[in-house]
Amino acid sequence: MSLEQLNAYCTSKLSELSEKGAQKGIEKVITRIFTSDWIRQGRLPDAEEDKSFGPRYFLAGDENAYLLMNSNSYLGLSMHPQVIAAEEKAAKEFGTGPGAVRFISGTYAPHVELENRLAAFHQRESAMIYSAAYATVMGVLPPLIDDNTLVISDQLNHNSIINAIRLCRPAQKAIYKHLDMAELERILRISTSNNSKGNKLQIKRILVITDGIFSMRGDHAPLNKIVDLCRKYEHHFADGIITIADDSHGVGAFGATGRGVEEYTHSKVDILIATLGKALGVNGGYVTASKPVIDYLRETSPFYIYSNPITPSEARAATKSLDILESSEGRERLKKLRTLTKRFEIGLAELGFETIPGDHPVTPLLVRDTQKTAQLTRHLHNNKVLATGLNYPVVPQGEEEIRFQINVNHTVRDIDYTLAVLDNFNIAHYG
């Protein structure tokens with residue numbers, strides 16, 4: 001009987017989501033992928049191949065071939081033959097799963113090798129991997145927050161950051177308007193003043209946390225300005241001001257060598273969180289910082305202690321992705337990614353669509369209307385383009401959008417085809 005009541009409750013809530021236009025609906029199931037020879041060979045297309053189409057995806061119950069314009073695999077490494085071979089080889093050596101959490105018997109040589117590589121890649125003392133980037137955020141914040149901590153967060157931070165702060169229940173929390181450095185400084189200044197007045201609640205530590213790349217918009221945090229502001233006020237607090245960035249969409253896709261927003265803004269936060277599951281094309285999340293911080297998190301972070309890590313074979317695949325990223329091939333892939341992104345961004349502007357200019361391959365088409373967003377998403381699907389329509393509450397009301405994500409397995413013809421489909425929508429609806 002109780003399950004019947006729960007069924008009724010869930011059905012009611014689903015109806016509410018549907019009425020609000022916030023229900024995500026049935027997930028599309030990819031059944032197979034058609035790839036070109038140049039992808040199977042692990043290279044970029046030559047001039048003639050760039051005039052043809054890139055990979056096409058097939059969905060359950062649908063014989064049509066679709067262009068995928070909503071993948072986070074920015075560098076196309078999930079299909080790279082060297083990455084695939086590295087994972088296959090490690091699976092044969094170590095099996096398909098770790099078999100236990102890290103401190104029991106689940107730590108393998110590929111895990112340690114990958115952590116060392118990630119620390120070196122980001123020029124830090126140490127790193128540790130988690131099962132996912134979301135788990136990393138949820139696992140890193142709670143051990144660093146106590147009842148004398150103020151947490152300051154950007155208004156548009158990812159859901160993982162929002163939920164991690166809720167889980168932590170800090171002494172105080174504050175939210176500054178998106179990218180508004182004047183408001184961030186105002187919060188820091190007020191906190192300094194309150195401490196100096198000898199208030200009963202003394203803040204000893206401040207955590208300032210932000211996304212690196214904001215995944216719905218493709219814009220980036222001014223990490224250099226954030227770090228400078230925190231250094232300006234940190235001496236007023238016994239445990240200082242700790243800067244944390246989750247640059248899951250930035251690492252591997254942003255910056256001259258793919259080191260993300262830190263590289264792009266010539267800055268360095270205290271604690272950097274990122275993912276292996278986007279530009280690096282594999283699975284898992286990680287955090288990198290000083291050795292004492294990482295050693296402490298290994299002893300206190302529940303999402304690390306009580307969850308299995310990624311598989312040893314995934315760790316080897318991610319290490320191979322880092323090898324490629326740090327090579328001349330990686331630089332060529334980054335160059336192509338920027339070229340395709342700029343072509344698409346310019347094309348949107350020429351068609352009269354609103355976007356947010358930037359160098360990151362997340363390219364939003366701002367629709368600012370729920371019904372029109374749904375219409376445009378259907379139009380794209382009907383023309384064999386898979387893109388993500390984002391409505392409230394995923395994005396604020398008035399900022400509804402179609403989020404396009406460029407990757408290096410796209411061709412020039414793919415970009416131009418998508419722009420032509422969008423142009424046809426304009427003609428059909430506005431003449």
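Arg 40 and Asp 37 join their side chains in a salt bridge, 2.3 Å from N to O. A salt bridge here is a side-chain nitrogen of Lys or Arg within 4 Å of a carboxyl oxygen of Asp or Glu. This is a predicted model: local features need pLDDT of at least 70, side-chain atom pairs count only at pLDDT 80 or more, and totals for chains, interfaces and linings use all residues. Residues are numbered from 1 along each chain as its sequence is written, and side-chain values use heavy atoms, with hydrogens and water left out.

**Salt bridges**

Arg 40 and Asp 37 sit 3 residues apart in helix 2 (residues 37-40), so about one helical turn separates them. Helices (H or I, at least four residues) and strands (E, at least two) are DSSP runs, numbered from the N terminus. Asp 295 and Lys 291 are 4 residues apart in helix 11 (residues 291-300), again separated by about one helical turn. An α-helix has 3.6 residues a turn, so residues three or four places apart point the same way.

Glu 326 and Arg 259 make another kind of link. This pair connects distant parts of the chain, 67 residues apart. Glu 326 lies in the loop between helix 13 and helix 14, and Arg 259 in the loop between strand 8 (241-246) and helix 10 (261-265). Both belong to a network of salt bridges that also includes Arg 117, Lys 320 and Asp 323. The structure holds 27 salt bridges.

The table sets out the three pairs, with relative accessible areas. Buried means under 20% relative accessible area, exposed over 50%, and partly exposed in between (1.4 Å probe, protein chains only).

| Pair | N to O distance | Relative accessible area |
|---|---|---|
| Arg 40 and Asp 37 | 2.3 Å | Arg 40: 46%; Asp 37: 44% |
| Glu 326 and Arg 259 | 2.8 Å | Glu 326: 36%; Arg 259: 22% |
| Asp 295 and Lys 291 | 2.7 Å | Asp 295: 32%; Lys 291: 45% |

**Nonpolar cores**

A nonpolar core is a set of buried Ala, Val, Leu, Ile, Met, Phe, Trp, Tyr and Cys residues joined through side-chain atoms within 4.5 Å. The largest one has 49 residues. Leu 114, Leu 276, Leu 365, Leu 380, Phe 404 and Leu 422 touch the most other members. Several elements each supply at least two residues, among them helix 5 (109-121), helix 14 (328-350), strand 12 (362-366) and strand 15 (401-405). Helix 13 gives the largest share, 6 residues. Where does this core lie? Domain 1 (28-68 + 328-429) and domain 2 (83-326) both contribute residues, so the core lies between them. The domain bounds come from an automatic or database domain assignment.

Leu 276 has contacts with Leu 114, Leu 118, Ile 129, Ile 310 and Ala 318, among others, not counting residues up to four places away in sequence. Contact means heavy atoms within 4.5 Å.

Apart from this core lies another, of 27 residues, including Leu 229, Cys 230, Tyr 233 and Phe 237. In helix 9 (residues 223-233), the buried residues include Leu 229, Cys 230 and Tyr 233, along with Leu 223, Ile 226 and Val 227. These six cover an arc of only 165° around the axis, which puts them on the same side of helix 9. The arc is that of the directions from the helix axis to the C-beta atoms.

**Strands**

Strand 15 is mostly covered, with 5 of its 5 residues buried. Glu 401, Arg 403 and Gln 405 are on one side, Ile 402 and Phe 404 on the other. In a regular strand the side chains alternate between the two faces of the sheet.

Two strands pair if DSSP finds at least two bridges between them. Strand 12 runs antiparallel to strand 15, joined by 5 bridges. Leu 365 stands opposite Ile 402 there. Strand 14 (residues 388-390) is also antiparallel to strand 15, with 3 bridges. Thr 388 has Arg 403 as its bridge partner.

An open sheet of 4 strands has the order 1-2-3-13, with mixed pairing. Strand 1 (30-34) and strand 13 (385-386) stand at the edges with a single partner strand each, so one side of each is left without a neighbour in the sheet. Strand 2 and strand 3 form a hairpin with 5 residues between them, and Gly 61 in the turn has a positive phi of about 75°. Tyr 57 is the bridge partner of Tyr 66 in strand 3. Strand 3 and strand 13 pair in the parallel sense over 2 bridges, and Leu 67 is partnered with Val 385.
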